[in-house]
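Let's take a walk through this structure together, one piece at a time. Keep the 3D view open and follow along as we go.

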Amino acid sequence: MRAVITGGTGFLGSHLCDRLIAEGWEVLALDNMITSGESNVSHLERNPRFRVERADVTEHIEVAGPVDYVLHFASPASPFDYLKYPIETMRVGSEGTHHSLGLARAKKAKFFLASTSECYGDPEFSPQSEEYWGRVNPIGPRAVYDEAKRFAEAMTMAYHRYYGVDTRIVRIFNTYGPRMQLNDGRVVPNFMKQALRGEDLTVYGDGSQTRSFCYVSDEVDGFIRLSKSSEHLPVNIGNPTEFTILECAQRVLAVTGSKSKIRYEPLPQDDPKQRRPDITKARTLLGWEPKIDLETGLRMSLDYFRKATFEEKVLQG
């Protein structure tokens, strides 16, 4: 079996490469590397079943030979990145999805779209089920990511209905673990970096907004199960255990042993107040649910964040 993974050197893409290689697949990772780098997959470079290629999927995609699965993970995914690259984010969600679907159609391959819980926007209901259409500000600063993913889902379903492409859509909730960028603006790397540096942990608003954090190995297991299913409509994959941002900060302080304090800053525009997946569908159809709780996952990530923080300090002199 051969897979093409767009965004294959990113946080989630690289872990997916690991999993497929471990299962005996041949993997081609495509990435323009504007928000990631080959270091995430350098441990695979000597594997004869793995290849990485610098490529921009907003342009035409050419892949020689047979392909069994196209897994589209290319996109800036953190607020820092998609606000820095708004046009690129919109293009990879639209043109990149179109080209990736075109590759799947040409190769008669299955297609897997990495979508997001951001499709639900700032939700009126919690937990969020796949039937909820969401509440998104289409012209707010976060819309470049939210609407790109909503468009990508619509394009994926159009290819399935019109061309008969065998598609899957996963809506990913907050995921964390090794290989996250220290400075990507997401909750866990922000807190881990600040705690390990002895800096104040930045909490936006009063910290009562909630998130549900899924460890990366659990998340990837959900991807694999969905990829092997026959479900074409979106499926939530995330941890249904809900934490306030303040509770997450307190757990990071406990895991790191840091004496850092908490500093409060204004809440960013359109920041969701609640984020919790209803995973009834994943449990029923895939037999999937997460196994790793937040504190355990933070401890499993600690060595990576400690090393990344040290390396950044060395580079900064």
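In this predicted model, strand β5 (110-116) and strand β6 (residues 167-172) run side by side in the parallel sense, linked by six bridges. If you want a spot to look for, find Ser115, which stands opposite Arg171 in β6. Helix α6 (residues 216-227) packs on the sheet here, touching β4, β5, β6 and β11. The direction of α6 makes about 160° with that of β6.

Now zoom out to the whole sheet. It's an open one made of seven strands, and reading across it you meet them in the order β3-β2-β1-β4-β5-β6-β11, with parallel pairing.

How many of the five residues of β1 are buried? For β1 (residues 2-6) it's five of the five, so the strand is largely enclosed by the rest of the structure. In a regular strand, side chains alternate between the two faces of the sheet. In β1 both faces are covered: Arg2, Val4 and Thr6 are buried on one side, and Ala3 and Ile5 are buried on the other. β1 also pairs with strand β2 (residues 26-31), in the parallel sense and over five bridges.

Helix α3 comes next. It lies across β1, β4 (69-72), β5 and β6, and runs at about 175° to β4. Two packed helices are described by the angle between their axes and the distance between the axes. For α3 (residues 86-107) and α4 (residues 143-163), the axes come within 8 Å and cross at roughly 15°. The two helices are therefore roughly parallel to each other, and their crossing is right-handed.

Who meets whom in that contact? On the α3 side you'll find Pro86, Thr89, Met90, Gly93, Ser94, Thr97, His98, Leu101, Gly102 and Arg105, while α4 brings residues including Ala148, Phe151, Ala152, Met155 and Tyr159. Sorted by class, the residues of this contact are 12 nonpolar, seven polar and one charged.

The axes of α5 and α9 (residues 294-315) come within 9 Å and cross at roughly 65°. This crossing is right-handed. From α5 come Val188, Pro189, Met192, Lys193, Leu196 and Arg197, and they meet Leu298, Ser301, Leu302, Phe305, Arg306, Thr309 and Glu312 in α9. By class, that contact has seven nonpolar, two polar and four charged residues.

While you're at α5 (residues 187-197), look for Gln194, which has its place in this helix. Is Gln194 buried or exposed? Its relative accessible area is 10%, and the cut-off for buried is under 20%, so Gln194 is buried. Setting aside its neighbours within four places in sequence, Gln194 is in contact with Glu199, Asp200, Leu201, Thr202 and Ser260. Val252 is 58 residues away from Gln194 along the chain, yet their C-alpha atoms are separated by 9.8 Å.

Most residues other than glycine have a negative phi, and most peptide bonds are trans. Lys108, in the loop between α3 and β5, has a positive phi of about 55° although it isn't a glycine. At 77% relative accessibility, Lys108 counts as exposed. Arg179 sits in the loop between β7 (175-176) and α5, and its phi is near 85°, again a positive value in a residue other than glycine. Arg179, though, counts as buried, at 18% relative accessibility.

Where is the cis peptide bond? It joins Ser126 and Pro127, with omega at about 0°. To find it, look for Pro127 in the loop between β5 and α4.

Conventions: Residues are numbered from 1 along each chain as its sequence is written. This is a predicted model: local features need pLDDT of at least 70, side-chain atom pairs count only at pLDDT 80 or more; totals for chains, interfaces and linings use all residues. Side-chain values use heavy atoms; hydrogens and water are left out. Axes are lines fitted to C-alpha atoms, for helices over the stretch in contact, and angles run from 0 to 180 degrees between N-to-C directions. Helices (H or I, at least four residues) and strands (E, at least two) are DSSP runs, numbered from the N terminus. Angles under 35 degrees count as roughly parallel, over 145 as roughly antiparallel, 65 to 115 as roughly perpendicular and the rest as oblique. A crossing is left-handed if the near helix is turned anticlockwise from the far one by less than a right angle, and right-handed if clockwise. Contact means heavy atoms within 4.5 Å. Ala, Val, Leu, Ile, Met, Phe, Trp, Tyr, Cys and Pro count as nonpolar, Asp, Glu, Lys and Arg as charged, and the others, Gly among them, as polar. Buried means under 20% relative accessible area, exposed over 50%, partly exposed in between (1.4 Å probe, protein chains only). Two strands pair if DSSP finds at least two bridges between them.
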